[in-house]
Amino acid sequence: MLLYILFILGFVLLIKGADMLVSGASSIAKRFNISDMVVGLTIVSFGTSLPELIINIMSSVQGQSELAIGNVFGSNVANLLLIIGIAAIICPLPIKRNTILTEIPFSLIATLLVGFLANAVLFGDKTSLYISRIDGAILLFFFVLFMAYIWNIAKTNKDEAIEEEDTPMMTIPKSALYIVLGGVGLFLGGKWVVDGAVSIAQSFGLSESFIGLTIVAIGTSLPELVTSAMAAYRKNIDIAIGNVVGSNIFNLLWILGISALINPLPFNVVSNSDIIMMIFASTLLIIVIPIGKKNTIDRWNGILFLAIYVAYIVFLVQRG
């Protein structure tokens, strides 16, 4: 019973820890006159991806590769179908040209890159699949390119502030305290979630991959869900979409890259079906945008996305 309590409490600490860390870092950034654009595209986006990062670092250190990979793949599918679906139902989402032509395709390319690297050994004389440390370095290289793109966008649109929730200006000591407490919360929460997920999988005879793709993935996607849902409710559409697309790119390139550098990740061929699902969801997003009125993800698109996500979860249950 204590294990389950710590498992649930771990999610609470992950979400609260990420929130405190973002608040403290954003307050310091604003105090030093760093623009809202840079803060939003870096600190906020990193912050909503921190739960996935902590889970994956813990999983890699403990050699739980299936949980690490399942967490990233499951979170990305949840972001594309569950979160965008809910956000679109709350408020139709008009998408900017830049997002359509650059950011969403970049997310799709990142998915294809991970799929290629994970299966690249098939082109040689080896039979076991894995994401090696070299693959991790390649993913991080592409992440650096994406960050350079974000920095360029921030400079180009420096007068256009991101309409994020107002971050209260705190003193530097209070900001530092928030950052430290947030970091501690993320560490403890990550450890409890990983330990709990592995134990639950073992006790019910479920695979770590299944737990990572469902419970852990949805749990670590809660910051994105709350951020995008609130942004859609407040008509801050750029945040609702940018948060999801940016988070997916961070998950694939930054988080999976770091995880592979810590410990090469053995890759189960079954996980290729999850990569195909990510490719399908990204492609579907690209297709439905031009169909909608003035490049908008309509409410019926949101309902379609949610229905597909439910079907995907059913598929995972049947796959075990």
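This tour moves from the whole chain to a group of aromatic rings and then to a cavity.

**Before you start**

The model is predicted: local features need pLDDT of at least 70, side-chain atom pairs count only at pLDDT 80 or more, and totals for chains, interfaces and linings use all residues. Residues are numbered from 1 along each chain as its sequence is written, and side-chain values use heavy atoms, with hydrogens and water left out.

**Stop 1: the whole chain**

Show the chain as a cartoon. It has 11 helices and 4 strands. These are DSSP runs numbered from the N terminus (helices: H or I, at least four residues; strands: E, at least two). Of the 320 residues, 53% are buried. Buried means under 20% relative accessible area, exposed over 50%, and partly exposed in between (1.4 Å probe, protein chains only).

**Stop 2: F143 and F250**

Select F143 and F250. Their rings form an edge-to-face pair, 5.3 Å centre to centre, with 75° between the planes. Rings of Phe, Tyr and Trp (its six-membered ring) pair if their centres lie within 6.5 Å; planes under 30 degrees apart are stacked, over 60 edge-to-face, and the rest tilted. F143 sits in helix α5 (residues 133-156) and F250 in helix α9 (residues 237-262), so the pair ties together parts 107 residues apart in sequence. F143 is buried, at 7% relative accessible area. F250 is buried too, at 1%.

**Stop 3**

Keep F250 and select F146. This pair is also edge-to-face: 6.0 Å between centres, 75° between planes. F146 belongs to α5 and F250 to α9, so this pair ties together parts 104 residues apart in sequence. F146 and F250 are both buried.

**Stop 3**

**Stop 4: a cavity**

The whole structure holds 2 cavities of 30 Å³ or more. A cavity is a set of points on a 1 Å grid over the protein atoms alone where a 1.4 Å probe fits but cannot get out; lining residues have an atom within 4 Å of a point. Volume here is the space filled by probe spheres set on the points, which are joined across faces, edges and corners.

Which residues line the second largest cavity? Select L80, I104, S107, V245, N248, S282 and L285. Helices α4 (97-119), α9 and α10 (272-291) each give two or more residues to this lining.

Conventions: 1 Å grid on protein atoms, 1.4 Å probe; cavity = no way out; pocket = protein on both sides within 12 Å on 5 of 7 lines; lining within 4 Å.
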